[in-house]
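These are some notes for a colleague who is looking through the model. They are set out as numbered points and can be checked against the coordinates.

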Amino acid sequence: QLLFGLQWIAADGAPWLFHLTNLLGHAAVTALVFLLLAELMSLPGALVGALVFAVHPVHVDAVANVVGMGEVVSAGFFLAACVVHVRGPPETSWRRAAVIALLYAIAFGAKEGAVTLPGIVFLLDAAREDVAVRDLRRYLAKRWKVYVALGVVVALMLVARQEILGTLAEPLGPL
């Protein structure tokens, strides 16, 4: 809501700024897709993946419609958290875990779909390190701090949702 208000004030309610903001946001998200993919594959492969992401029709509603800004913001902070994670050392420090948790909180606050980040963090690590079930204890010994930080964010977001809406699961809640 803050971004909508600032854009409304800056453009005196004209729609061009809302559309420009979504377009620039989508470009930034596409750059983050490229950075993440570049950590996982060759640069040409990352470029192709980012270009496919950039022009994929699934993004039309998020980019073309003013109300899609939440999705663009959420995706940007979600991907930033992923990039910070994959560019880190094999063992997560409290500082890195806090940065990832802050990015996660913003992404989650913008759109509830960001709740999936802990699973994505695991999948990114599993893809890069070939984590097997027998390696889970060793893996968690290195990464437990990031999962604790993400768990705290989830708990705080659920408490906030309960306090604000009066429910955790009802999609409409009190109007």
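1. Which residues does Pro118 touch, not counting those up to four places away in sequence? This is a predicted model, and in it Pro118 touches Tyr104, Tyr147 and Leu150. Between Pro118 and Tyr104 there are 9.4 Å from C-alpha to C-alpha, at a separation of 14 residues in sequence.

2. Pro118 belongs to helix H7, which covers residues 117–129. Its relative accessible area is 21%. Buried requires under 20%, so Pro118 is classed as partly exposed.

3. On aromatic residues, the structure holds 5 aromatic pairs. One of them is formed by Trp8 and Phe18, whose ring centres are 6.5 Å apart with 50 degrees between the planes, a tilted arrangement. This pair links distant parts of the chain, since Trp8 sits in helix H1 (residues 2–11) and Phe18 in helix H2 (residues 15–40), 10 residues apart. Trp8 counts as exposed because its relative accessibility is 52%, and the cut-off for exposed is over 50%. Phe18, with a relative accessible area of 7%, is buried.

4. Trp94 and Trp144 also pair. Their ring centres lie 5.3 Å apart and their planes stand at 90 degrees, which makes the pair edge-to-face. Trp94 is in helix H6 (residues 94–110) and Trp144 is in helix H8 (residues 136–165), so the pair ties together parts that are 50 residues apart in sequence.

5. Helix H2 has 26 residues, and the distance from its first C-alpha to its last is 38 Å. That is close to the 38 Å expected at 1.5 Å a residue.

6. Which residues of H2 are buried? They are Leu17, Phe18, Asn22, Gly25, His26, Val29, Thr30, Leu32, Val33, Leu36 and Leu37. As a general point, an α-helix has 3.6 residues a turn, so residues three or four places apart point the same way.

7. What covers the buried residues of H2? The cover includes H1, helix H3 (43–55), helix H4 (60–64), helix H5 (69–86) and H7. Of these, H1 carries Trp8, the partner of Phe18 in the tilted pair, and H7 holds Pro118.

Note on methods:
Residues numbered from 1 in each chain as written. Predicted model: local features only at pLDDT ≥ 70, side-chain atom pairs only at ≥ 80, totals over all residues. Heavy atoms only, no water. Helix = DSSP H or I, 4+ residues; strand = E, 2+ residues; numbered from the N terminus. Buried < 20%, exposed > 50% of the residue type's maximum accessible area, 1.4 Å probe, protein only. Contact = heavy atoms within 4.5 Å. Phe/Tyr/Trp six-rings, centres within 6.5 Å; stacked < 30°, edge-to-face > 60°. Expected span 1.5 Å × (residues − 1).
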